[in-house]
Amino acid sequence: MSKKDEYFAMMESQIRKWDAEVDKLKARGDMMSAEARIKYEEQLAAMRANRNAANKKLQEMRTASEAAWQNMQAGMDGAWASTKSALEKATSQFKK
């Protein structure tokens, strides 16, 4: 497996994990008061937007040449960090 293939496999696995975490958070949000649920759903929407941006960047990288994808990796890593941060923030806020 090439380094590029390994990277894609790792990132796709991470996206699936994020999706599962967001689903868990959504289920938890369904049990909140209306006011808390609104704020919670806003954060979930932001996380989904970050996830979609990361997935879009990953798909762009998939079609790039070998040299180009390495240059794009920094952008993907930034999108990954943003998504991870949003998920961790929401998870910690709503475990309280």
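Start by selecting Arg51, which sits in helix 2. Helices here are DSSP runs (H or I, at least four residues), numbered from the N terminus. The model is predicted: local features need pLDDT of at least 70, side-chain atom pairs count only at pLDDT 80 or more, and totals for chains, interfaces and linings use all residues. Residue numbers run from 1 along each chain as its sequence is written, and side-chain values use heavy atoms, without hydrogens or water.

Show the neighbours of Arg51. Its side chain makes a polar contact with the side chain of Asn52 (3.4 Å). Such a contact is a pair of N or O atoms within 3.5 Å, one able to donate a hydrogen and the other to accept it; residues adjacent in sequence count only if both atoms are side-chain atoms. Leaving out residues up to four places away in sequence, Arg51 touches Ile15, Trp18, Asp19 and Thr83 (heavy atoms within 4.5 Å).

Now select residues 34-62, helix 2. Among its buried residues are Tyr40, Met47, Arg51 and Leu58 (buried: under 20% relative accessible area, 1.4 Å probe, protein chains only).

Next, helix 1, residues 3-29. Its buried residues include Phe8, Ile15, Trp18 and Val22.

The largest cavity has a volume of about 40 Å³. A cavity is a set of points on a 1 Å grid over the protein atoms alone where a 1.4 Å probe fits but cannot get out; lining residues have an atom within 4 Å of a point. Select its lining: Trp18, Asp19, Val22, Met47, Arg48, Arg51, Thr83 and Leu87. Helix 1, helix 2 and helix 3 (66-94) each give two or more residues to this lining.

Definitions and conventions:
Expected span 1.5 Å × (residues − 1). Buried < 20%, exposed > 50% of the residue type's maximum accessible area, 1.4 Å probe, protein only. 1 Å grid on protein atoms, 1.4 Å probe; cavity = no way out; pocket = protein on both sides within 12 Å on 5 of 7 lines; lining within 4 Å. Points joined across faces, edges and corners; volume = space filled by probe spheres on them.
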